Amino acid sequence: MALQQINSNTSMIALSNASSVSDIKSMVQKGDIEGGIVIPSNFTESILNGEQGTLIIITDQSNPQVSATIQAALSAVFDQMGTLIAQNKVKGLNPAVVNDNNSLAYVKPYSVQTEGVVPGTPSYFDFIAPGIMAMTVMMSVMTGLPVAISQEKEVGTLDGMMVAPINRLSIILGKTLGQTARGLLQGAIILVMAAVLFHVAIQGSILLVFALLLLGVFSFVGLGIVITSFAKDQETAQMMMMTLMFPMMFLSGVFFPIQQMPWYMQDISRVLPLTYASQALRKVMVLGAGIPDITTELTIMIVFGAIMTAIAVPVFRRMMTR
């Protein structure tokens, strides 16, 4: 079989045989194979009679990424094999065809080439790394604030801060700076691991990446303070944080593109700050974008952070006087 000859040179896939379609489906369900090719009994007869043959590709739908990869790879292989068959037929039918390139021009009058914005072929790791960095910053800030504020309120150390001769705003800044340092450190660790372990290429400015991480902290810290200030204790604050974080994790395009979501989920994602933090980091790291290219994301993050901070300061002051 031509596919076996191609695979012997490329070692692209591991081939095995099955006796029926049900056997292929059973092997996929058991996890023995990732997909299968069904060749109908009349396939060769159809090709010899000048008719169009049909091939069926069966894939593991429980893993959409692998399924799409298999379908694309096998479709490309079979398309190339069909082109070679057509070229051989054209050579015999048309005396004007003298070589392979000439015959290919008859079979396929034009070719399509693709080119990315930046050199190279980005992988799924290039897509997910910026999103995970933004998500980690969010989780670091929003899970650290209940411990930094609610726990101290419970044990009584916050009362000591209140009687100290310092401004209330200084207390807020002290709490947020600690979470800021924590979030930036975790984001930097993920960035290094993505580059070293998964070979994620950073096309844009490293300084701009860290500036976006810092802006992400600014966007989320006000929201975290507001939620923590309204909570009665640490456990309540943490539950409120989790209730807010989990929808943002899965609706902000961190793990998969927003365009693949249903329309109503896409509308929800447009009001989540994590969406714009992920998009901005992804544009800078993957596409090499600069500040003029991410003005929309920057504006939304700055406005959201400013509004949340303006709300957080009086709410936190009121909480300290209770």
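Mentor: A cavity is a set of points on a 1 Å grid over the protein atoms alone where a 1.4 Å probe fits but cannot get out, and its lining residues have an atom within 4 Å of a point. This model is predicted, with local features needing pLDDT of at least 70 and side-chain atom pairs pLDDT 80 or more, whereas totals for linings use all residues. Residues are numbered from 1 along each chain, and side-chain values use heavy atoms, without hydrogens and water.

Trainee: Which helix gives the most to the lining of the largest cavity?

Mentor: The lining consists of Ala 134, Val 137, Leu 212, Leu 213, Gly 216, Phe 220, Ala 277 and Leu 281. Helices (DSSP runs of H or I, at least four residues) that give two or more residues to this lining are H6 (124–155), H9 (206–230) and H12 (273–287). With four residues, the one that gives the most is H9.

Trainee: How many salt bridges does the structure hold?

Mentor: One, counting a side-chain nitrogen of Lys or Arg within 4 Å of a carboxyl oxygen of Asp or Glu, joins Arg 270 to Asp 267 at 2.6 Å, N to O. In another, the closest N and O atoms of Lys 283 and Glu 297 are 2.9 Å apart. The number that the structure holds is two.

Trainee: Is Glu 297 buried or exposed?

Mentor: Its partner Lys 283 lies in helix H12 and Glu 297 in helix H13 (residues 295–321), so the pair ties together parts 14 residues apart in sequence. Lys 283, at 27% relative accessibility, is partly exposed, a class between buried (under 20%) and exposed (over 50%), with a 1.4 Å probe and protein chains only. Because its relative accessible area is 4%, Glu 297 is buried.

Technical notes. On a 1 Å grid over the protein atoms alone, a cavity is a set of points where a 1.4 Å probe fits but cannot get out, and a pocket is an open set with protein on both sides within 12 Å along at least five of seven lines; lining residues have an atom within 4 Å of a point.
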